[in-house]
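I opened the model to look up its charged pairs and its nonpolar packing. The entries below follow the order in which I went through them.

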Amino acid sequence: TGADQSGQRAETAQLYYQTLLDDRLSDLFECQRFYVYWETPEDYRTVHKSSDEHQIILNAGAYDVSAKLQNDALIVDDGWIQRKDPGVIVKVVEPSVLGSGVQSTRQAEAVCGALKAREGWSQIDAVQNGRVILLSQELLSAGAGKTGAELLLAKAIYPALFGDTDGDEALRALTQEAYGAPASGTFIYVG
């Protein structure tokens with residue numbers, strides 16, 4: 001994974017990958033951090049700043065464009081998203097699209113294509129620069145999955161910082177440690 005082997009061994013995979021994220025992202029300047037529009041499986045529904053998803057965005061080294069929205073105003077529209085012009089779009093998808101046992105990305109490609117085809121989205125920075133990310137809802141239910149989601153997102157958003165890190169291997173190690181069985185499937189799609 002590219003870590004310095006001369007230091008102390010991490011007691012857990014969870015601690016190792018959280019430390020890796022903190023170390024790699026700590027040197028990013030404010031102006032280097034991306035703004036993320038996070039969409040739940042429900043179209044045009046984003047997340048509140050008190051949510052786990054908001055914390056995942058922050059832990060992946062980015063900012064949440066919906067951080068100032070009130071809890072009762074989380075339904076947005078194309079115009080709002082265009083005005084925010086996020087550098088990254090994250091859409092959470094059902095486990096049948098991405099998740100355990102999923103090998104084909106055909107459904108993910110279709111979902112990503114539909115997102116990019118929304119009215120006015122072709123002008124959004126994330127769409128223009130290939131930073132539309134689909135993430136399996138399955139990762140959001142427990143600590144190991146959330147850490148895996150943070151690492152997968154950070155790697156997709158800042159590939160130069162995580163070029164030596166295998167996101168799939170990290171997710172397998174995290175889930176093996178937490179649940180006694182490694183995750184197997186496709187959990188992220190970048191288009």
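I began with Asp43, which counts as partly exposed at 46% relative accessibility. For burial I used these cut-offs: buried is under 20% relative accessible area, exposed is over 50%, and partly exposed is in between, with a 1.4 Å probe and protein chains only. I note that this is a predicted model, in which local features need pLDDT of at least 70 and side-chain atom pairs count only at pLDDT 80 or more, while totals for chains, interfaces and linings use all residues. Residues are numbered from 1 along each chain as its sequence is written, and side-chain values use heavy atoms, with hydrogens and water left out.

Next I looked up the partner of Asp43. Its side chain meets that of Arg118 in a salt bridge, 3.4 Å from N to O. I took a salt bridge as a side-chain nitrogen of Lys or Arg within 4 Å of a carboxyl oxygen of Asp or Glu. Asp43 sits in the loop between E1 and H2, and Arg118 in the loop between helix H4 (106-116) and helix H5 (125-128), 75 residues apart. Helices (H or I, at least four residues) and strands (E, at least two) are DSSP runs, numbered from the N terminus. Arg118 is buried, at 12% relative accessible area.

I then checked Asp52 and found a salt bridge to Lys146, 2.6 Å from N to O. Asp52 is in helix H2 and Lys146 in helix H6, so this pair ties together parts 94 residues apart in sequence. Asp52 is partly exposed at 43%. Shared partners join Glu39, Asp43, Lys91 and Arg118 into one salt-bridge network.

Asp164 pairs with Arg24, with the closest N and O atoms 2.9 Å apart. The two are 140 residues apart, Asp164 in the loop between H6 and H7 and Arg24 in helix H1. Asp164 is partly exposed at 38%, whereas Arg24 is buried at 18%. My count of salt bridges is eight.

Last, I turned to the nonpolar cores, meaning sets of buried Ala, Val, Leu, Ile, Met, Phe, Trp, Tyr and Cys residues joined through side-chain atoms within 4.5 Å. The largest has 35 residues, and Trp38, Val90, Leu135 and Leu153 have the most contacts inside it. H6 gives the largest share of this core, seven residues. A second, separate core of 22 residues includes Val97, Cys112, Ala126 and Tyr189.
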